Amino acid sequence: MIGIIGAMPQEINQLVDMMEDRKVLEKARMKFISGKLLGKDVVIVKSGVGKVNAAVCTQILADSYSVDAVINTGVAGSLENRIDIGDIVVSTDAVQHDVEATIWGYEPGEIPMMKKKAFAADKALRKLTVSVCREVNPDISVFEGRIASGDQFISGQEQKERIAETFSAYCAEMEGCAIAQAAWLNGIPFVIIRAISDKADNSAEMDYNEFEKQAIEHTVKLLLALIPRM
Ligand code: ADE
């Protein structure tokens, strides 16, 4: 069983519409929709925005469905000039840019007493994701890199530069690393797939609605080609 998490309805609705033999489980105010997608057993869920929602959601996928893998799909703000709106970032690993205990000698993003800062995506799964993406989305660029998550929508140059420089991250979003950490705690392979909807600077608000739809088209296309090959 493959778990697919999107924070917002528009990130998963098209996939849910294509599922067969749908069953719904409501838990923690979330609807877990299980069934077949292109012949594969999947469970698709809208987690809601932010790290707490995403972590709770992932734990339920582990406990109630014993998922073999978790895919997080959605949009993100680009932290690098070369990564454009519409392009896709596939996670090598994920960090939390809002974890900060440096006063105790920890690195930025390092979770105290866990000796852990970055959570690595499954290598085979991310390599497969990148190659499928190149095949089905030839008009955009796909990047493999670090994803920075935090409970903040990044929309200022200073904020953007701090995250990009401190963490060498390619894009910023609000769930990926919470899913990564919860998956890691449960020993479940994961990958985060994010299409760029904005540049995470003072143009972010303006760009967002206009480009979100276009960005999501690319992730949906990718997932529909990826799932049958997993
Ligand atoms: N999701 C999409 N764009 C984002 C941004 N700029 N910051 C955080 N999450 C996002």
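**Ground rules.** Before placing anything, I noted that helices (H or I, at least four residues) and strands (E, at least two) are DSSP runs, numbered from the N terminus. I am working with a predicted model, where local features need pLDDT of at least 70 and side-chain atom pairs count only at pLDDT 80 or more, while totals for chains, interfaces and linings use all residues. Residues are numbered from 1 along each chain as its sequence is written, and side-chain values use heavy atoms, with hydrogens and water left out.

**Entry: Ser-91.** I started with Ser-91, which sits in strand E6 (residues 88–96). Is Ser-91 buried or exposed? I found a relative accessible area of 0%, so Ser-91 is buried; the cut-offs are under 20% for buried, over 50% for exposed, and partly exposed in between (1.4 Å probe, protein chains only). The strand as a whole is mostly covered, since I see 8 of the 9 residues of E6 buried.

Next I looked at what the Ser-91 side chain does, and it reaches the backbone nitrogen of Ile-192 at 2.9 Å. Contact in general means heavy atoms within 4.5 Å. Leaving aside neighbours within four places in sequence, Ser-91 is in contact with residues including Ala-121, Arg-126, Gly-145 and Phe-190.

**Entry: partners of E6.** Which strands pair with E6? I kept in mind that two strands pair if DSSP finds at least two bridges between them. With strand E8 (residues 142–149), E6 pairs in the parallel sense over 7 bridges, and there I found Ile-147 as the bridge partner of Ala-94. With E10, the pairing is antiparallel over 3 bridges, and Val-90 stands opposite Ile-193. With strand E7 (residues 119–120), the pairing is antiparallel over 2 bridges, and Asp-93 has Ala-120 as its partner.

**Entry: the start of the chain.** I then looked at E4 (residues 40–46), which runs parallel to strand E1 (residues 2–6) and is joined to E1 by 5 bridges.

Entry: Ala-28 has a positive phi of about 50 degrees although it is not a glycine, and I placed Ala-28 in the loop between strand E2 (20–27) and strand E3 (30–37). Ala-28 counts as partly exposed because its relative accessibility is 44%. Ala-200 has a positive phi too, of about 55 degrees, and belongs to the loop between strand E10 (190–198) and H6. At 1% relative accessibility, Ala-200 counts as buried.

**Entry: the ligand.** How many residues surround the ligand? I got 13, with Gly-77, Phe-153, Ile-154, Glu-173 and Asp-198 the closest; a residue is near a molecule if one of its heavy atoms lies within 4 Å of it. A polar side-chain atom of Asp-198 lies 2.6 Å from a nitrogen atom of the ligand. A polar backbone atom of Ile-154 is 2.8 Å from a ligand nitrogen, and one of Gly-77 is 3.3 Å from a ligand nitrogen. Taken alone the ligand exposes 260 Å², and the protein buries 96% of that (areas by the Shrake-Rupley method with a 1.4 Å probe; for residues, only the protein chains shown count as cover).

Strand E5 (69–78), strand E9 (171–173) and E10 are the elements that give two or more residues to the shell. E5 gives the most, with 3 residues.

**Entry: Leu-226.** Last, I checked Leu-226, in helix H6 (residues 204–226). Leu-226 is buried because its relative accessible area is 0%. Not counting residues up to four places away in sequence, Leu-226 touches Ile-71, Leu-128, Thr-129, Val-132 and Ile-193. Leu-226 and Val-136 are 90 residues apart in sequence, and I read 9.6 Å between their C-alpha atoms.

Note on methods: Polar contact = N/O pair within 3.5 Å; in protein donor to acceptor, adjacent residues only side chain to side chain.
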